[in-house]
Amino acid sequence: MGRGQAVRRGPLEPVFEGSNPSAPTNGFARKASIVVPMNTGELKLFSGSAHPGLSQEIADVIGVSLGRACLKRFSDGEVSFQIDENIRGTDVFVVQPTSTPVDENLIELCVMIDAFRRSSAARITAVIPYYGYARQDRKDKPRVPISAKLVANLLGAAGANRVLTMDLHKAQIQGFFDIPVDHLFALPVFIDYLTQLAEKAAVTIVSPDAGGVERARAYAKRLDADLAIIDKRRSEDGHAEVMHVVGEVKDRICVIQDDIVDTAGTLQQASEALRDNGASRVIACAVHGVLSGPALQRIEDSALEQLVVTNTIPLRPVLEKSSKIQVLSVAKLLGRAIQSIHQETSVSSLFV
């Protein structure tokens, strides 16, 4: 070794020896990583401001108390949220449907999730009974967003580890998430109600459009009922919509099945078409009762005998007074799913 040449002391990295290397010496031995199952700790259930009534029902089903937190608004409308108990290492479930006002409830949910993440919760599950923006799930026109995907990105960026939701407008929205999604269906809740109708007279399940045939078929199969479809077409002048009924509906109880009822225009037209084709009774079932704009007036003026919705979205007081609208609770279904997720057991029995 030449004079003044630096001497490197300490071990060198071993030379790469191909696909069959020699056994490493103790100096170069590396510890194998050990995968430890995540301990999700105690179940904690929190509620946003969108639907505290449903959150309390779920808490009663599970047998826990709602988590303590302070949720309010600053004078300019910004969300202020503070957790009033220790949640470090716990399994947090936060219930918040992103219904009207959609944007406020969505941002509130994201703010809450961020607070739980920064408070060291072991796992955060966003329980979203109604997933807003679900109808914007594809580019059906030039230069439009895919808002359902954007919302999925927002929830993941906020810190959600899992999503529990119900009757997405399109099942493929699950693929927009990079986290696990448990997609429940309200079918068991409606079946209990509709079975009583089927005992009285022949029932036909009606899809209000071609896109809802698969959903209506699932209901018809469970009830051993017939299936009919409303074929909606434009008239020759392009202004009015003509409803053609495909299937047997005469002298039968017709149940229009849909996932969302918003302004109720389709329901009003479909019910009149069914009545004109000889249906003895016309009832509608929709999972999510958005019921915005002229929905109430259209329902009251329609041939519908009754509209049955679930409580994934809270009804406005004026809607609660309507004798035509009946609400079924999904709290038991969501509660069982939350318990299964917390206990790391299968929820397949709920995916009917």
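1. Let's start inside the protein. The largest cavity holds about 40 Å³ of space. This is a predicted model, and a search of the whole structure finds one cavity of 30 Å³ or more. Its lining is made up of Pro129, Tyr130, Tyr131, Ala134, Met166, Asp167, Leu168, His169, Ile260 and His288. Sorted by class, seven of these lining residues are nonpolar, two are polar and one is charged.

2. Next, the open spaces. The largest pocket has about 950 Å³ of space, and 32 residues line it. If you want to find its centre on screen, look for His169, Gly211, Arg215, Asp258 and Asp259, which lie nearest to that point.

3. Which helices and strand each supply at least two residues of the lining of the largest pocket? They are helix 5 (213–223), strand 11 (253–261) and helix 6 (265–276). As for the classes in this lining, 12 residues are nonpolar, eight are polar and 12 are charged.

4. The second largest pocket contains about 330 Å³ of space. Of the 18 residues in its lining, Ser99, Thr100, Val102, Tyr130 and Val290 are nearest the centre. Here the lining counts nine nonpolar, six polar and three charged residues.

5. Thr100 brings us to a backbone detail. Most residues other than glycine have a negative phi, and most peptide bonds are trans. The bond that joins Thr100 and Pro101, however, is cis, with omega at about -5°. Pro101 sits in the loop between strand 4 and helix 2.

6. You will find Arg143 in the loop that runs between strand 5 and helix 3.

7. Now to the helices on either side of these loops. Two packed helices are described by the angle between their axes and the distance between the axes. For helix 2 (residues 102–118) and helix 3 (residues 147–158), the angle is about 25° and the axes are 8 Å apart. How do helix 2 and helix 3 lie relative to each other, and what angle decides it? Angles under 35 degrees count as roughly parallel, so helix 2 and helix 3 are roughly parallel to each other.

8. Who makes the contact between helix 2 and helix 3? On the helix 2 side, the residues are Leu106, Leu109, Cys110, Ile113, Asp114 and Arg117. On the helix 3 side, they are Val151, Leu154, Leu155 and Ala158. This contact has eight nonpolar residues, no polar ones and two charged ones.

9. Finally, the sheet. Strands of a sheet pair through backbone hydrogen bonds, either parallel or antiparallel.

10. Which residue of strand 5 stands opposite Val94? That place is taken by Ala126.

Terms used: Residues are numbered from 1 along each chain as its sequence is written. This is a predicted model: local features need pLDDT of at least 70, side-chain atom pairs count only at pLDDT 80 or more; totals for chains, interfaces and linings use all residues. Side-chain values use heavy atoms; hydrogens and water are left out. On a 1 Å grid over the protein atoms alone, a cavity is a set of points where a 1.4 Å probe fits but cannot get out, and a pocket is an open set with protein on both sides within 12 Å along at least five of seven lines; lining residues have an atom within 4 Å of a point. Grid points are joined across faces, edges and corners, and a volume is the space filled by probe spheres set on the points. Ala, Val, Leu, Ile, Met, Phe, Trp, Tyr, Cys and Pro count as nonpolar, Asp, Glu, Lys and Arg as charged, and the others, Gly among them, as polar. Helices (H or I, at least four residues) and strands (E, at least two) are DSSP runs, numbered from the N terminus. Axes are lines fitted to C-alpha atoms, for helices over the stretch in contact, and angles run from 0 to 180 degrees between N-to-C directions. Angles under 35 degrees count as roughly parallel, over 145 as roughly antiparallel, 65 to 115 as roughly perpendicular and the rest as oblique. Contact means heavy atoms within 4.5 Å. Two strands pair if DSSP finds at least two bridges between them.
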